[in-house]
Amino acid sequence: MTALPDGREAERRPERILDVGCGTGVVTAAALAAGAEVTAVDADPAMLELVARRHPAATVRRATLPVLPFEDASFDAVAGNFVVNHVADVPATLAELRRVLRPGGAVALTWWKSDEMTATNVFAEALAAAGVPYEPPVRPFSAVERPERFAASLAESGFTAVDVRTLRWRHLVDVAAWWSGVVEAGGPRFETIARQPPETYARVRACYDRMAAPYAGTGFPVCAHLARGIR
């Protein structure tokens, strides 16, 4: 509630949050729980169906960065959880996120520190151990993934009060379920595993099981960066 000059209280409008690259809806769930008005966007129809089913209070729209189907200044805040590292054009994406923010609105974006992402690097290591040729796809984001470079990109896009933090934690997951989830999801990084003939697939899986076993109880150590800025 907001106090008016005559002492009465006015109802405060819920914050309008855009969860861009919503995936399974982790950010959407948190924002709804905080009382926000949430719009969830993703390029994958399956993810949107999942979020719509789990969170009927959210508005769900399909879109692929760097193009968003919203008017200028539509949102009070934009959150992108591990999506900016997948976009083809980082400057255009940042400009689009800034466009849909109201003046004074905030953006928060996360991405993995690639050389400390044990939870996915273990798949590449398993491929190598199994003797399967593997060339990771080119990632345009690599040019700006260092915290200082990404902070500079945000500033160049017109954001102010830019801040980047580094976060480390343990990714606790059932290692068998993690294999199934990542391999079945495919995606540009590890779809090659699912395409292998049965005997090669089994060899990669055996290498993964051996390499992932030490993390079964303690979780995979992972690291990510969180960048914030104001329009």
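Of the 231 residues in this protein, 40% count as buried, meaning under 20% relative accessible area with a 1.4 Å probe and protein chains only, while exposed means over 50% and partly exposed lies in between. The model is predicted, so local features need pLDDT of at least 70 and side-chain atom pairs count only at pLDDT 80 or more, whereas totals for chains, interfaces and linings use all residues. Residues are numbered from 1 along each chain as its sequence is written, and side-chain values use heavy atoms, with hydrogens and water left out.

**Start with the whole chain.** Show it as a cartoon and look for eight helices and nine strands; these are DSSP runs numbered from the N terminus, helices (H or I) of at least four residues and strands (E) of at least two. The C-alpha atoms fill a box of roughly 75 × 35 × 30 Å along the principal axes.

**Next, select Leu18, Val20, Leu68, Val78, Leu97, Val107 and Phe150.** These have the most contacts inside the largest nonpolar core, which has 26 residues. Such a core is a set of buried Ala, Val, Leu, Ile, Met, Phe, Trp, Tyr and Cys residues joined through side-chain atoms within 4.5 Å. Strand E3 (16-20), E6, H3, strand E7 (101-112) and helix H5 (147-156) each supply at least two of its residues.

Now centre on Phe150. Leaving aside neighbours within four places in sequence, its contacts (heavy atoms within 4.5 Å) include Val84, Leu109, Trp111, Phe141 and Ala227. For a second, separate core of 21 residues, pick Trp179, Ile193, Cys207 and Phe220, which are among its members.

**Then turn to the largest pocket.** Select Phe82, Val83, Asn85, His86 and Trp112: of the 46 lining residues, these lie nearest the centre of this pocket. A pocket here is an open set of points on a 1 Å grid over the protein atoms alone, where a 1.4 Å probe fits, with protein on both sides within 12 Å along at least five of seven lines; lining residues have an atom within 4 Å of a point. Colour the lining by type and you will find 25 nonpolar, 16 polar and five charged residues.

**Finish at His86.** Where does His86 sit? His86 is in the loop between strand E6 (75-81) and helix H3 (90-100). His86 is exposed, with a relative accessible area of 60%.

Notes
Ala, Val, Leu, Ile, Met, Phe, Trp, Tyr, Cys and Pro count as nonpolar, Asp, Glu, Lys and Arg as charged, and the others, Gly among them, as polar.
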